[in-house]
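The structure comes first, then the details.

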Amino acid sequence: MISGSVRFLVNVESLNGVESVGNLSRHRTAPIVTRKSTGEYVIRYVPVISGESLAHAYQMALVEIAEKMGLPVTHRTKQGELIKFANDDVLKEENIASPKDEKDARRFEVDVMLKDVVADVGGFMYAGKNPVRRSSKFSVGYMIPSLKTDEIPAQLEAQFHVRYSVVSSKDEQAIYNVEVGSALYTVSFLLDDGLIGVPSNPGKADKEDQLLRSRGARVEASVRALYHLLTGNFGAKRSRFLPQLELKSAVLTVTDFPFVVEPGHSDDYIKLSHERAERAKSILMGKKVKTFAINREGLDTGKAEVKSNPEEVVEALLKEVKG
């Protein structure tokens with residue numbers, strides 16, 4: 001399992017809007033509970049970027065890499081329509097027989113996984129007469145401001161813009177406002193590489209050997225796609241609001257047991273993550289713990305293996321999963 005937390009310093013971004021109110025395009029916000037140094041818990045509304053937005057970006061990165069590696073991806077997935085075999089119309093398009101009953105669920109799951117690696121990694125839900133579900137092997141939460149001090153380093157501001165055009169010799173101006181956010185953001189994610197290419201429904205299917213032969217390539221593609229998360233290649237409205245984004249620090253662990261690293265709210269989150277992973281290895285009788293870090297903030301990294309950039313981290317992760 002790969003677990004990671006990252007801290008980004010992001011200025012003037014509109015990566016995740018929610019709706020328009022008149023001529024104002026609002027940024028997504030959420031209530032955050034934080035504890036002040038006095039011991040008092042308070043609620044603050046802050047700019048956030050949803051996990052759905054991040055997961056979509058990750059899966060589209062996986063599409064690009066899967067195509068280069070010759071792994072299967074459906075036409076709808078290539079177009080960004082991640083409905084993933086939800087109904088019979090999609091099954092007809094891909095020539096997949098719907099599940100006959102509960103015992104047929106594993107055959108159906110394997111057929112879908114062989115058609116689309118994104119459905120394998122990102123999961124799917126067929127909602128027909130005999131529903132079949134595969135849970136996502138990639139998990140990610142909201143990207144929220146780091147809650148490291150009494151003052152949350154985040155701010156929202158509406159920026160005034162004017163579009164100008166000449167129509168029928170008449171000057172026209174369209175006034176609009178875009179709400180942008182700036183914050184020291186943190187986000188956490190999980191990639192359960194041990195279950196990629198492995199059917200989750202009970203039973204036995206005829207084509208499982210074919211799926212198993214491609215498992216190594218599927219895991220590799222999934223790890224390569226993490227590069228987009230580590231470099232901030234996600235979110236919408238980037239054409240005129242490409243954010244000033246800087247990766248400040250990160251911690252990633254590779255384990256052979258379930259483990260979630262510390263979120264990036266404290267300055268010792270890298271050190272704590274490694275120490276917890278080592279203790280968890282003993283508790284869960286694991287055999288493997290590798291911790292990698294990026295440190296551009298002068299943080300205490302403990303015994304984590306420090307890398308200079310996201311490229312070195314992804315290369316190290318690939319070496320671990322291939323090994």
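## Ground rules

Buried means under 20% relative accessible area, exposed over 50%, and partly exposed in between (1.4 Å probe, protein chains only). By that rule, tyrosine 58 and phenylalanine 138 are both buried.

The model is predicted, so local features need pLDDT of at least 70 and side-chain atom pairs count only at pLDDT 80 or more, while totals for chains, interfaces and linings use all residues. Residues are numbered from 1 along each chain as its sequence is written, and side-chain values use heavy atoms, with hydrogens and water left out.

## Aromatic pairs

Rings of Phe, Tyr and Trp (its six-membered ring) pair if their centres lie within 6.5 Å; planes under 30 degrees apart are stacked, over 60 edge-to-face, and the rest tilted. The count comes to four aromatic pairs. One of them joins phenylalanine 8 and phenylalanine 234 edge-to-face, at 6.0 Å centre to centre and 70° between the planes. Phenylalanine 8 sits in strand β1 (residues 2-13) and phenylalanine 234 in the loop between α7 (215-230) and β12 (244-255), so this pair ties together parts 226 residues apart in sequence. Both phenylalanine 8 and phenylalanine 234 are buried.

Tyrosine 58 and phenylalanine 138 are stacked, with 4.0 Å centre to centre and 15° between the planes. Ring pairs also link Phe108, Phe124 and Tyr126 into a cluster.

## Helix α9

Helices (H or I, at least four residues) and strands (E, at least two) are DSSP runs, numbered from the N terminus. Buried residues of α9 include Pro310, Val313 and Leu317. With contact meaning heavy atoms within 4.5 Å, the buried residues of α9 pack against β1, α7, β12, β13 (289-295) and β14 (305-307).
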